[in-house]
Amino acid sequence: MTPLRSDFGATGVRCCDVPGCTSAGEFRAPKARDRLNDYYWFCLEHVREYNRAWNYYAGMSEAEVEADLRRSTTWNRPSWPFGTAAKGEGPAWGFRDPFDLFDGESPNGERHDPSQPRPQSAEEKAFQTMHLSPPVTIAELKAQYKSLVKIHHPDANGGDREAEERLKLINDAYTTLKRFLG
Ligand SMILES: [Zn+2]
């Protein structure tokens, strides 16, 4: 196996072990899980990407890892497969995310859509029906209930059936919140 580059260049400065990278190799990274005392030397950018790709390389031999390092820089830097590889998707050629901009987000948009509210709990619905928002005391709940009953009582609305329905909802909400706060 041909070695990667020599540890020290002509200037006496150790170079990054990624072929084609001219940065100084200032950060060390173990070559394998069972060879934690045997290191690659990388520049900051490449040690980050190597760390991120650690799981991806876990099952490979050193030769395979080095072949991969070599292959990834044969083309231009944007073809570097790291970054997404660590997320268990295998090499994603052409995708490069040096600043972790996509971390925690699935690239196919499976994020929670903030315009889609999660389903309300019974208590949340009850608070809404009572025109209250937590925290409230039992006393405040009772006072609000009394004033709502006054407003929505069918007698105050000419026997309106809709008022009757609203009052039923208010009664239910009151029961729910009394239990919730008690
Ligand atoms: Zn480098």
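Colleague: In what order do the elements of the protein run from the N terminus on?
Modeller: Helices (H or I, at least four residues) and strands (E, at least two) are DSSP runs, numbered from the N terminus. The protein has six helices and two strands. From the N terminus on, the order is β-β-α-α-α-α-α-α.

Colleague: What kind of model is this, and how are its residues numbered?
Modeller: This is a predicted model, in which local features need pLDDT of at least 70, side-chain atom pairs count only at pLDDT 80 or more, and totals for chains, interfaces and linings use all residues. Residues are numbered along each chain as its sequence is written, starting from 1.

Colleague: What percentage of the residues count as buried?
Modeller: A residue is buried if 20 or more other C-beta atoms lie within 10 Å of its own, exposed if 12 or fewer, and partly exposed in between, with C-beta atoms placed from the backbone. Of the 182 residues of the protein, the buried share is 19%.

Colleague: Why do α4 and α6 count as oblique to each other?
Modeller: Axes are lines fitted to C-alpha atoms, for helices over the stretch in contact, and angles run from 0 to 180 degrees between N-to-C directions. Angles under 35 degrees count as roughly parallel, over 145 as roughly antiparallel, 65 to 115 as roughly perpendicular and the rest as oblique. Helix α4 (residues 122-129) and helix α6 (residues 161-181) have axes 9 Å apart and pack at an angle of about 125 degrees. The pair is therefore oblique.

Colleague: How many nonpolar, polar and charged residues does the contact of α4 with α6 have?
Modeller: Two residues are in contact if their C-beta atoms, placed from the backbone, lie within 7 Å. The contact includes A126 and F127 of α4, and L177 and F180 of α6. Ala, Val, Leu, Ile, Met, Phe, Trp, Tyr, Cys and Pro count as nonpolar, Asp, Glu, Lys and Arg as charged, and the others, Gly among them, as polar. By class, the contact has eight nonpolar, two polar and one charged residues.

Colleague: How are α5 and α6 oriented to each other?
Modeller: Their axes lie 10 Å apart, at an angle of about 175 degrees. The two helices are therefore roughly antiparallel.

Colleague: Is I138 buried or exposed?
Modeller: I138 is found in helix α5 (residues 138-152). Not counting residues up to four places away in sequence, I138 touches L181 and G182. Because I138 has 11 C-beta neighbours inside 10 Å, the residue counts as exposed.

Colleague: What is the phi of H131?
Modeller: H131 is found in the loop between α4 and α5. H131 is exposed, with 11 other C-beta atoms within 10 Å. Although H131 is not a glycine, its phi is positive, about 55 degrees.
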